[in-house]
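Which parts make the contact, and what holds to what across it?

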Amino acid sequence: MSGFVFSEKPIGIASGDGVHLTDTNGTEYLDFGASYACTPVGHCHPEVVDAATSQLEELLYVQASYPHAARTALYERLAEVAPVDVDNVWLCNSGTEANEAALKFARHATGREKIIATTQGFHGRTMGTLATTWKDKYKDGFGPLAGGVEFVEYGDAEAMREAVDEDTAAVILEPLQGEGGINPVPTEYLQAVRVATATSGAAMILDEIQTGLGRTGDMWAADRHDVVPDILTTAKGLGSGLPIGATLCRDWIAEDSGDHGSTFSGGPVVSAAAGATLDVIEREDLPAHAEAVGNYLRSELRDRLGDDVRDVRGDGLMVGIEVRRGSNRLLRDLAIDHQILALPAGRTVLRLLPPLTIEREHADAVVDAIAEVVG
């Protein structure tokens, strides 16, 4: 019996260090995918490894109904770095679970059913979040999904204002779409969503699974756009690759969130790793570093690629390159010919989500390689 995975790449990874991965043959790769933004402080950061290892030696696991120092410390750290007043924390194991909790909390707190999601949005693969994910390819064969979900055009403020009404429990959206193609929206749009939800009594859920933790140049994209949601979800890079997610809520959501739980909510080891990850992000000011290096990377890509690509877009170190032919072939060429790992975001977009610790020299190497495979 083989491993039950949907796609397996022909590169067996053996180890990681900082911004590099090494395969089982000893070949070193520059990692500009970070396994979908899961290693913001780089692979095997010594502080994260030390925190997790120390906790492993004391206690592997105790359920969340028993207070534990690492979990309590993580609650406090997340509340400190969260947008103002979004400081009630529920821990889980993944981004899709964080979003599932957000949808449940919003429905319970409002007493309403209708959920509004956006075209091209991606919020997870469990049955609830799958209903709010746009593309049919993720949903085919799994119906019927959770009901009460309506989709509106991403970035269309007027369509959002018309859709949000007294029956709406929540609007869930990404402040910069990842899987959908690295699609940014202006601040005015997100602020219009905030006004529409506040006026109707609905919850605004910002899915920051991919955009959070400094990725877009601020700790949260919410901060970048001066928008304070009712619920913010985070995961991926929170544990530097260990499985953890979090749903952060305002008081009015948390006070009427209903009955929800998870056996592995905030285990001691992942909580210790997440706390150390947040410490490194803040102490090294990685959001500002991501902003500076990301601006440089996008500028160099635009200069070098010119009309060979349709667009270069994104914020911070969340970068999309819309190409004129299939992205998968280009990704293969980058890996095989240049030892650079990147990601797709649809059939025609190269997605770059490197560790936030990359420097200009790494950006230059990637620009050179992409210019060669695209040209």
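In this predicted model, the C-alpha centres of domain 1 and domain 2 lie 25 Å apart. The domain assignment gives domain 1 two segments, 13–43 and 286–374. Domain 2 is assigned residues 46–284.

**Extent of the interface**
- On the domain 1 side, 27 residues are in contact with 28 residues of domain 2.
- About 2200 Å² is buried between domain 1 and domain 2. Carbon and sulfur atoms give 59% of that area.
- P287, D315 and M318 together supply 28% of the area that domain 1 buries against domain 2.

**Polar and charged links**
- Three salt bridges are counted between domain 1 and domain 2.
- D315 and R224 form a salt bridge through their side chains, at 3.9 Å from N to O.

**What domain 1 brings to the contact**
- Five elements each supply at least two residues of the side that touches domain 2: α1 (34–37), α11 (286–305), β13 (309–315), β14 (318–323) and β17 (349–352).
- The most comes from α11, which gives five residues.
- By residue class, this side of domain 1 holds 17 nonpolar, six polar and four charged residues.

Key. Residues are numbered from 1 along each chain as its sequence is written. This is a predicted model: local features need pLDDT of at least 70, side-chain atom pairs count only at pLDDT 80 or more; totals for chains, interfaces and linings use all residues. Side-chain values use heavy atoms; hydrogens and water are left out. Domain bounds come from an automatic or database domain assignment. Contact means heavy atoms within 4.5 Å. Buried area is the accessible area (1.4 Å probe) that two parts lose on being put together, summed over both. A salt bridge is a side-chain nitrogen of Lys or Arg within 4 Å of a carboxyl oxygen of Asp or Glu. Helices (H or I, at least four residues) and strands (E, at least two) are DSSP runs, numbered from the N terminus. Ala, Val, Leu, Ile, Met, Phe, Trp, Tyr, Cys and Pro count as nonpolar, Asp, Glu, Lys and Arg as charged, and the others, Gly among them, as polar.
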